[in-house]
Each structure stands twice: as C-alpha cells, then as structure tokens.
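This briefing is intended for reading alongside the sequence and coordinates.

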Amino acid sequence: MQMLRILYRKMCNLTCKKAIMLVFGIFFILFFSGYMFFFNHGPPENIIAANRENRQGFRVFENKDSNKNELDIEIEEEERKAIEYWELFIKKHDFTPIGELYDNCDEKDRMMVGRTIMLPDVRWGGLKGVKARTFINTTLDSELTGGRFFLEVKYNGKDLYSNNWELCTLDEDYEDRLIYCPFNPGEYSFVKDRQIPLYLPKGRYETKGWMTDQEGQIIVCGFSDFSL
C-alpha cells in the first residue's frame, strides 16, 4: 500500500510539472506572438524605408491666395524660398523627412524654419531602433525670458497624449541641453536628437508641438507624421 502511494505521488508530481510546463509554453508563445504583432518594429532600415515611401506624395503647403497685395507677394516669395531651402537640404543629404517646423501654426501664413528627419539609432546593449533629428533655423525679434512647450500626439488617428511644460526647464535633465533662458534677440540654429521609444506599438503617429514666449505668442510650431 505504501509503495502504491509513493508511486501515485510521483505520477501526480510528473503530471503537474508537465501541466505547468505546458501552461508556461502557451504563455510564452502568446507573449512572443503579441510582441511580434504589436511591438516589433523590424530593422531600422525597413522602418526608414517605409517612412520614405509614405512621404513620396507629400507636398508642403504653399499659400495660393489670388487676392494679394505687393506685401503679400513679397511674403509669399520668402515663404517659397524657405521651403525650397529645406527641400534642397533634405535632398542633398538624402534624408528621410518626417516633419516640418514653422514660425507659427497658421497654415495660410507661416514661414518654414526647420525639418525633422528619421535616422537609425543604436542604444545601450546594442539594441537597434530609430530616432528623430530636428534642425531649426529661427530668429527672435525680442528677448525670450520664459514660455511653455505644448505637445499633442495622435496614434492611428486617435488622440493619445497631450501635455505642456515650462519652456526654460524643458530639457534641463538632458546632457545635450539646448535651452538656457534668457535668449537675446537674434538668429539661432539648433540640432536636437530624440530617441523614438522601442516600447511604442506599431502604427501611425502624428505629433504637433509648439513653443510660446512669455507673452503667450507662438515662436515655433512643428508637425511630424511617421509610422513604426
């Protein structure tokens, strides 16, 4: 009788172990499948190539208002030259653009002051991903002593995230800090890299970000549109 009990316990333990291993195996398969479907972005070169293809038909907005006076015509010509400058910059370096920056958010009256591109990125431990690099050439007409930075993000056409921060302390925790208030009036050029997180699910992302000065006036407004 004792021998039968021992044998029964061994068989039960073996069955339980097999059941646990089976459950663990199913969980691993489901987890791996979910990761591959939702979060595995693929090689950086494939992501960049897909975004380059998506932007092939993209046209930067140009003001085509027919009722213009002489001043409007001059402003429109300056806007056109700014667009041509940045388009040539992108083509010259064979960059993959994913965004544009302007001196305000109004589609009908704005000057392009920068572009955002997508680049491959290698991170800690050799992990490969992509990053956004933003180029800005802008002019401040008056002293900048404060302001705010606003950000809105959409995922597959739906609102995902919205927030705002104090402008002068926006990047104080980063080694490549660029914002040190106050800024004197004059011309400024900035280049800023930001890693695109690996944990973001696959899909289309649209962002709008803008900076205001201490009076609440917009000084830079940027838009980006990319897919992972």
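In this predicted model, strand β4 (residues 148-155) runs antiparallel to strand β7 (residues 204-212), and 8 bridges join the pair. Strand β7 also pairs in the antiparallel sense with strand β8 (residues 218-227), over 9 bridges.

**Strand pairing**
- Within the pairing of β4 and β7, Arg148 stands opposite Thr212 of β7.
- Within the pairing of β7 and β8, Lys208 is placed opposite Phe223 of β8.
- Strands β7 and β8 form a hairpin with 5 residues between them, and Gly216 in this hairpin adopts a positive phi near 85°.

**Nonpolar cores**
- The largest nonpolar core comprises 12 residues, among them Ile47, Ile48, Ile98, Met118, Val130, Ala132, Val153 and Phe226.
- Helix α2 and strand β3 (128-140) each contribute at least two residues to this core.

**Setting of Asn51**
- Asn51 belongs to helix α2, which spans residues 44-54.
- Asn51 has a relative accessible area of 2%; it therefore counts as buried, the cut-off being under 20%.
- Leaving aside residues up to four places away in sequence, Asn51 touches Thr96, Ile98, Met118, Phe226 and Ser227.
- Of these contacts, Ile98, Met118 and Phe226 are also members of the largest nonpolar core.

Conventions. Residues are numbered from 1 along each chain as its sequence is written. This is a predicted model: local features need pLDDT of at least 70, side-chain atom pairs count only at pLDDT 80 or more; totals for chains, interfaces and linings use all residues. Side-chain values use heavy atoms; hydrogens and water are left out. Helices (H or I, at least four residues) and strands (E, at least two) are DSSP runs, numbered from the N terminus. Buried means under 20% relative accessible area, exposed over 50%, partly exposed in between (1.4 Å probe, protein chains only). Contact means heavy atoms within 4.5 Å. Two strands pair if DSSP finds at least two bridges between them. A nonpolar core is a set of buried Ala, Val, Leu, Ile, Met, Phe, Trp, Tyr and Cys residues joined through side-chain atoms within 4.5 Å.
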